[in-house]
Amino acid sequence: MTSQPAEPNVSTTRDAARPPVADRATFQTELDRLRVREKAHTREGDAVAAARRRLPMVEVDPRTPLTGADGPVPLIDIFDGRSQLVAYFHMWHIGRPSAEQCEGCTFSTSHVTELTYLHSRDISYAVFCEGPYEEASRYRDFMGYPVPWYSVPQDSVDQLIADRYFGILVCYLRDGDQVYETYWTTGRGNEAMAPSYGLMDRTVYGRQEFWEESPEGWPQRWGSRGGQFQMDDGRPMAQWSRIQAGRDDDLGPMPDGWTACSCPLHTGASAGATS
């Protein structure tokens, strides 16, 4: 088991500049002006969602196999009898330790824990992870993810990814024995999974990322290329509480038949590396 990392450093916010102080009436007047813009933003979001519901759809082979705890599972079975499915395609660095797994996918996936409300709208949810099920499912267990988890076999990648890449959020519709893809997004589109960002946006210091337009003296210590999701030592931030709780993050040996990750992050790593 990995030794426990230090708690994230938050002193930059405690020592940062602060907004001017005003009386309650002045504060409310300024907030009322902002609220007009907030409501316009909400209405535009509603209009975009309405357009999203009118997109065409593309057929997907319903028998496309994925791998679950009991072996191969066809895509259509993952709907679990419901008519809709939301799937997050989790990146995976094969043969690398937990500390080197995708910080952005860990950030997004860590937020999705309660599926009752989706189920009430006839929507299932699942994670489709890149790489071998044996290895990635140990990561799921370490992180304590409660949602359905499958891996995408190498022979199914082209059918489901379709010239895209892992790290996408995809919506499907089932019509009898047929399956269709109705929407996909990535990058900042995945923020729909992560209410932490929405809450940060409502605080005085925001996300504390370099790209934000903030007053001088506001803390901005995070980049936007993955560093905003990592501890100072590079470990995905959401792992910190699991390590503190004493969970074992050992992923075991790399499964037979798989090649260690050779993405740019690990270029130069030994070819036979195992975790």
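Which residues lie nearest the centre of the second largest pocket? Before selecting them, note that this is a predicted model, in which local features need pLDDT of at least 70 and side-chain atom pairs count only at pLDDT 80 or more, while totals for chains, interfaces and linings use all residues. Residues are numbered from 1 along each chain as its sequence is written, and side-chain values use heavy atoms, with hydrogens and water left out.

Begin with the whole chain, whose C-alpha trace spans about 65 × 50 × 30 Å along its principal axes. Coloured by secondary structure, the chain shows eight helices and eight strands, taken as DSSP runs numbered from the N terminus (helices H or I, at least four residues; strands E, at least two). Of its 275 residues, 40% count as buried, that is, under 20% relative accessible area with a 1.4 Å probe and protein chains only.

Next select helix 3, residues 103–111, where eight of the nine residues are buried: E103, G104, C105, T106, F107, S108, T109 and S110.

Finally, turn to the second largest pocket, where G104, G187, S224, Q228 and F229 lie nearest the centre, among 24 lining residues. A pocket here is an open set of points on a 1 Å grid over the protein atoms alone, where a 1.4 Å probe fits, with protein on both sides within 12 Å along at least five of seven lines, and lining residues have an atom within 4 Å of a point. The pocket holds about 530 Å³ of space, and helix 3 gives the most to its lining, with five residues.

Conventions: Buried < 20%, exposed > 50% of the residue type's maximum accessible area, 1.4 Å probe, protein only. Points joined across faces, edges and corners; volume = space filled by probe spheres on them.
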